Amino acid sequence: MKQRSFFDRSRLFVAVIFTAFLGACSTPQVQDYAKETPVLELRDYFNGTLDAYGIFTDRSGKVVKRFTVVMTCTWNGDAGVLDEAFSYSDGTTQRRIWRLTRHANGRYTGRADDVVGSAEGQQSGNAFNWTYTLALPIDGRVIDVQFDDWMYLLNDKVMLNKAAMRKWGFALGEVTLSFIKR
């Protein structure tokens, strides 16, 4: 079998890099869901009490932790409070209180004690995309992890949520959960 020339190997390398680059550029945009129904209105869905059931998976897809959440949500105009009480499969608990602000054109910002800076979100159709950095306690130290969080309203009671976790651009794992409105 004839060995490939340097030129052929270089062309193959450029084609592989270009294909990877195009794949990285084709992430979904929240506007892709503009015509999807039912339309998500965060102030309506996240109002009252919700239950959530979820898992953390590592980058290989292995479930490393299961959890449940009880959320108590209230709004006063465009200001919302989402009080989350987590119970993990290892017996630990955690509480996170989000303070959200609704802005024009389906845009939201949010803060919580373990969020670094401000979370930024955008709603369109039945979807909500939320990006933020979370200060996560891992193995006795705190690590800042970036979340790309997607929520999809299925009906007036159920919403699915999938969040990719990254550090320095490298995938760490995912969080998957379902919300059920009481």
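**A. Aromatic pairs: the count comes to 17.** This is a predicted model, so local features need pLDDT of at least 70 and side-chain atom pairs count only at pLDDT 80 or more, while totals for chains, interfaces and linings use all residues. Residues are numbered from 1 along each chain as its sequence is written, and side-chain values use heavy atoms, with hydrogens and water left out. Rings of Phe, Tyr and Trp (its six-membered ring) pair if their centres lie within 6.5 Å; planes under 30 degrees apart are stacked, over 60 edge-to-face, and the rest tilted.

The F67–Y88 pair is tilted, with 5.9 Å centre to centre and 50° between the planes. F67 sits in strand 2 and Y88 in strand 3, so the pair ties together parts 21 residues apart in sequence. Strands (E, at least two residues) and helices (H or I, at least four) are DSSP runs, numbered from the N terminus. Both F67 and Y88 are buried. Buried means under 20% relative accessible area, exposed means over 50%, and partly exposed lies in between (1.4 Å probe, protein chains only).

**C. W98 and W130 bridge strand 4 and strand 7.** The ring centres of W98 and W130 are 5.4 Å apart with planes at 55°, so this pair is tilted. W98 and W130 are 32 residues apart, and their pair links distant parts of the chain. W98 is buried, as is W130. Both tryptophans belong to a cluster linked by ring pairs.

**D. T109 in strand 5.** Strand 5 spans residues 107-111. T109 counts as buried because its relative accessibility is 15%. Its side chain makes a polar contact of 2.9 Å with the side chain of H103. A polar contact is a pair of N or O atoms within 3.5 Å; within protein, one must be able to donate a hydrogen and the other to accept it, and residues adjacent in sequence count only if both atoms are side-chain atoms. Leaving out residues up to four places away in sequence, T109 touches R99, L100, T101, H103, S118, A119, E120 and W130. Contact means heavy atoms within 4.5 Å.

**E. A79 of strand 3, beside L100.** A79 counts as partly exposed because its relative accessibility is 41%. The C-alpha atoms of A79 and L100 are separated by 5.7 Å, although the residues are 21 apart along the chain. Not counting residues up to four places away in sequence, A79 touches T74 and L100.

The largest pocket, about 900 Å³. Of its 41 lining residues, the closest to the centre are F56, L136, F147, M165 and V175. Each of these strands supplies at least two lining residues: strand 1 (48-58), strand 2 (63-76), strand 3 (79-88), strand 4 (93-102), strand 7 (127-138), strand 8 (141-153), strand 9 (158-167) and strand 10 (170-181). Strand 7 gives the largest share, seven residues. By class, the lining has 28 nonpolar, five polar and eight charged residues. Ala, Val, Leu, Ile, Met, Phe, Trp, Tyr, Cys and Pro count as nonpolar, Asp, Glu, Lys and Arg as charged, and the others, Gly among them, as polar. On a 1 Å grid over the protein atoms alone, a pocket is an open set of points with protein on both sides within 12 Å along at least five of seven lines; lining residues have an atom within 4 Å of a point. Grid points are joined across faces, edges and corners, and a volume is the space filled by probe spheres (1.4 Å) set on the points.

**G. The second largest pocket, about 170 Å³.** T27, P28, D148, W150, Y152, K162, A163, A164 and E174 line this pocket. Strand 8 and strand 9 are the elements that give two or more of these residues. The lining divides into five nonpolar, one polar and three charged residues.

H. A cis peptide bond joins T37 and P38, with omega about 0°. P38 lies in the loop between helix 1 (6-25) and helix 2 (42-45). N105, in the loop between strand 4 and strand 5, has a positive phi near 60° without being a glycine. N105 counts as exposed because its relative accessibility is 72%. W168, in the loop between strand 9 and strand 10, has a positive phi of about 55° and is not a glycine either. At 71% relative accessibility, W168 counts as exposed.
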